[in-house]
Amino acid sequence: MALVEVQVPDIGDFDEVTVIELMVKVGDTVKAEQSLITVESDKASMEIPSSTAGVVKEMRVALGDKVKQGSIVLVVEAAGAPAAPAPAAAPAAAAAAPAPAAVAAAPVAAASGPVQVFVPDIGDFKDVVVIEVMVKPGDTIKVEQSLITVESDKASMEIPSSAAGLLKELKVKVGDTVNIGDLLAVLEGIAAVAAPVVTVAAAVAAPVASAPAAAQAPVAAAAAAVAAPAHAPGGNTVGLPHASPSVRKFARELGVPLDEVKGSGLKGRITADDIQAFTKAVMSGAAQTKAQAAKAPASSGGDGAALGLIPWPKVDFAKFGPIERKEMGRIKKISGANLLRNAIMIPAVTNHDDADITDLEAFRVSTNKENEKSGVKVTMLAFLIKACVAALKKYPEFNSSLDGDALVYKNYWHIGFAADTPNGLMVPVIRDCDKKGVLQISQEMGELAKKARDGKLGPAEMTGATFTISSLGGIGGKYFTPIINAPEVAILGVCKSTMEPVWDGKQFVPRLMLPLSLTWDHRVIDGAAAARFNAFLGQILSDFRRVLL
């Protein structure tokens, strides 16, 4: 074991620079070339790397300290590493073999040409949905400028550009799903440096020819030019928030809009802890990004002006008695915005009918007894899904979507079902229900419902539905009016089945009746088609053998 003093290397024409960020602490294990601190001059921000690997034993600098070439940053314990050179010998070694400076960063000025922009690391999110495109071909893009907004089941995130230039081609559109590494856009221009890191090579032991001073000056100037976009107090900041290159990179990886983060560092500088705190607040629902706020449903304080409505009443409820105020959960906020849009924009009509499920219920009970050992419990909803697929095939307009003035008929049958969870309503989707039996549908439905309750549903498991069923199960009620889940054009609501007297032509007999409430988009479907759909669905449920026809 050897204690090695890590010093500030040659940083060019800068005399004393201020320490504005500590990136390691005592006890941390550092690698060679890992950034230790960030310093700032009147021209540029620079990260100072470690010249050796080991465990940090002592920090020799603090925030606000002034350092220069040769200042000791910290002491590391390096296994098998040579001891730090004696201070007296250092000047002689430097005179004999001055260390060549090297800039380990993106090129200072890349040649003009096509630049590809990809989706950065967005954490544990997969298949996030593009909900907003913020630029268009022909726009001039800056580094860190947001290009699109994506939304997972947990948060909305803005994806920034890692380069600057003229937007030649956009590779995604609203509704697409993207993942880390997907191509977003193609720019024409100079590739900008998004997260510059200035690294100065350590001194070498072997004698080398002394580099002329004139040759060293351009290197120092280049280092300053590369670092300048991060934050240059004396120059043009291009409107970028006050943060170091590593923090900028960290923010890009998490999809955090830096201009919305309040810095807690020196002079309001944004630190990595600020990024983490902001992310946790957004994920927990305690805070919103501007993109989320723009899409949030109108609150009780909204005035309804956009719809030409009179202002929403503002009431001091506390003057009438004790109150308790609780913020709505994240899922309710997100779903509320969709429900409001769908309820207002879709001319919806609801048909109510009853289906005789006496024989089907008897078959379901016997099926569960026969399959007790399998652990799969068949529910009436699983039979209802298969019945709906048969009805959707017979009446394909119910399995379509509006696209402008055209109607898109889908040759696949993905059925969504509303799941009640502690955090609010969620709609998992069972895919290719036409190719699956009732037992398989029951098993998948149970697995998806559990994931929904646990908050572990992914975006891909809640998208792509062609028709939705909202079941109140055994809760009760008779009929209700479900809201269509756009871009679908219909939704089926079912309530608790009840035993009722039904006239069979000779007498009243007890039959188990299931209430059906079919809501449909009148732009696509007319009343006669809706009545036929409900009647056909009822026939299938009363005699399930019709599914085979």
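Modeller: Not counting residues up to four places away in sequence, Phe-467 touches Cys-388, Leu-392, Phe-398, His-414, Ile-415, Gly-416, Glu-488, Ala-490, Ile-491, Leu-492, Leu-518 and Phe-533; contact here means heavy atoms within 4.5 Å. This is a predicted model, in which local features need pLDDT of at least 70 and side-chain atom pairs count only at pLDDT 80 or more, while totals for chains, interfaces and linings use all residues. Residues are numbered from 1 along each chain as its sequence is written, and side-chain values use heavy atoms, with hydrogens and water left out.

Phe-467 is one of the residues with the most contacts inside the largest nonpolar core, together with Phe-398, Leu-492 and Leu-541; this core has 53 residues. A nonpolar core is a set of buried Ala, Val, Leu, Ile, Met, Phe, Trp, Tyr and Cys residues joined through side-chain atoms within 4.5 Å. Buried means under 20% relative accessible area, exposed over 50%, and partly exposed in between (1.4 Å probe, protein chains only). Elements that each supply at least two residues of this core include helix H8 (380–394), strand S24 (467–471), strand S25 (490–494), strand S27 (508–521) and helix H10 (527–542). Helices (H or I, at least four residues) and strands (E, at least two) are DSSP runs, numbered from the N terminus. H8 gives the largest share of this core, 12 residues. In soluble globular proteins, nonpolar side chains tend to be buried together. Apart from this core lies another, of 21 residues, among them Val-117, Phe-125, Ile-148 and Val-172.

S27 deserves a separate look. Of its 14 residues, 10 are buried, so S27 is largely enclosed by the rest of the structure. Strands count as paired if DSSP finds at least two bridges between them. S27 pairs with strand S17 (residues 348–356) in the antiparallel sense over nine bridges, and Met-513 in S27 is the bridge partner of Asp-356. With S25, S27 pairs over five bridges, again in the antiparallel sense; there Thr-519 in S27 stands opposite Ile-491. Strand S26 (residues 498–503) also runs antiparallel to S27, joined by six bridges, and Trp-503 stands opposite Phe-508 in S27. The hairpin of S26 and S27 has four residues between the strands, and Gly-505 in this hairpin takes a positive phi near 105°.
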